[in-house]
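Here is a short tour of one protein and its ligand. Please have the sequence and the 3D view open as you read.

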Amino acid sequence: MTKFAKIYWMKDLSAYKNAFSKLETPFYFYDTELLKRTVAEVVRCSQKYDIDVHYAVKANVEARLLQIISAAGLGADAVSGNEVSWAVECGFPKNRVVFAGVGKTDKEIRQSLGIEAFNVESLQELEVIDQIAGAQGMVANVSLRINPGVDAHTHKFITTGLEANKFGLVPEEFAPAAELLGRLKNVRFVGLHFHIGSQITDVQDVYAQECVRATEVVKAFEDKGLAVEHIDLGGGLGVDYDNPDRNPVPDFDLWMRTIAENLTRRPGVKVLVEPGRSLVAECGSLITKVLYIKPRTARTFVVVDAGMNNLVRPALYGAYHRIDNISSNAPEAVYDIVGPVCESSDVWGSDRRLPASSRGDLLAIRSAGAYGSVMSSTYNLRDKAPAYFSEDFEV
Ligand code: LLP
């Protein structure tokens, strides 16, 4: 791995501008010191509130980041057979991996036997897991994913806990699920799983509702004679896209305190959470170069070399990412910052105030560590952006 001039960790990315200017753009830059601080804080809260943390691998699959997270003792939450295998390869013990998803294939189920729990999303899936485990002479741990009917107050594409969403079991399915579990021989019921959505900022209100609902559902299953040993509340804690420097580490304490105060659990019952975004979003930036300035009467376009193929969140969800010019200290001007892809939705931000920018300046598209690189494509036959890590930059 190439070594660059070492810069001690600081939030201001302009400190890296000389090192960055030697690299081909666009690229992802990960501040591994910030990731380590973030992971240390989640571990502190996990111990304080006795809540087991599983990193949602889907948010970012860079091996270097996964190794940092697994080394801290976290488990993993996967949504495909490949994510299960990759998590294990990056240091997560197989028996600390949970696996959710409405469409698990037979192959994915077979290769994942031995994990901590399959988060089962339908009655038919329960029967299929039973058959596949039986054929391998194994017993699979299963947790039922419940659709709790709780509104996460977030973007509709990342809301998952409403009846209209495809995820989990609804109340009419609880009795047949309990009956099936009593009959099937190759699955062992461990507990229940919930996940209501992502980028949740209304933390106290939304998670309190989720916990109240989870407490009711746990009781409903225990009344049917099924002991719930494991309650998985999913992920979803939001990050501060507006002020990544002010709040680089999300408020895990508030999240877990809300859970501890609103979920009723018997002694010995394990409570899990599955944060993805809140662990990795803020440590990542997409670094891009200004190619052209196009002044028009009503607006000035800044055309950069990163496009929606590198980070699709603005085009897909209308998501806001802060943009900093790390090369210029000039007085500010107002710009529309756009990418090179042949789609009018390839826009990074409209009416953004930035230091006066010129060709060759480097811009940092912030909070890009979660759902950035993993959702990228080669649309327009463009290259995927490589990754660099702060710990490889030395004096
Ligand atoms: N657990 C399950 C079952 C999930 O489906 C997800 C995310 C998580 C945990 C982690 O949620 P987080 O803590 O990261 O919010 N591409 C979208 C986000 C999709 C989230 C999908 N599920 C975005 O860019 O905003």
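## A cut-off to start with

A residue is called exposed when its relative accessible area is over 50%, buried when that value is under 20%, and partly exposed in between. Keep this in mind for the residues below, and remember too that this is a predicted model.

Let us begin with Asp351, which sits in strand 14, spanning residues 347-355. Its relative accessibility is 56%, so Asp351 counts as exposed. The backbone deserves a look as well: phi of Asp351 is near 50 degrees, a positive value in a residue other than glycine.

Asn380 also has a positive phi without being glycine, here near 65 degrees. You will find Asn380 in the loop that runs between strand 15 (362-365) and strand 16 (387-389). With a relative accessible area of 34%, Asn380 is partly exposed, because that value falls between the 20% and 50% limits.

## A cis peptide bond

Now move to the peptide bond from Thr25 to Pro26, which is cis, with omega near -5 degrees. Pro26 belongs to the loop between helix 1 (17-21) and strand 1 (27-30).

## Lys166 in its loop

Lys166 has its place in the loop between strand 6 (140-145) and helix 7 (174-183). Is Lys166 buried or exposed? Its relative accessibility is 60%, so Lys166 counts as exposed.

If you trace the chain, Lys166 and Glu121 are 45 residues apart, and 8.9 Å separates their C-alpha atoms.

## The ligand and its surroundings

Ser198 contributes a polar side-chain atom, 2.4 Å from a ligand oxygen. Backbone atoms take part too: a polar one of Gly236 is 2.8 Å from an oxygen atom of the ligand, and a polar backbone atom of Arg277 is likewise 2.8 Å from a ligand oxygen. On its own the ligand has 580 Å² of accessible area, and the protein covers 92% of this.

Note on methods:
Residues numbered from 1 in each chain as written. Predicted model: local features only at pLDDT ≥ 70, side-chain atom pairs only at ≥ 80, totals over all residues. Heavy atoms only, no water. Polar contact = N/O pair within 3.5 Å; in protein donor to acceptor, adjacent residues only side chain to side chain. Areas by Shrake-Rupley, 256 points an atom, 1.4 Å probe, with all protein chains shown as cover. Helix = DSSP H or I, 4+ residues; strand = E, 2+ residues; numbered from the N terminus. Buried < 20%, exposed > 50% of the residue type's maximum accessible area, 1.4 Å probe, protein only.
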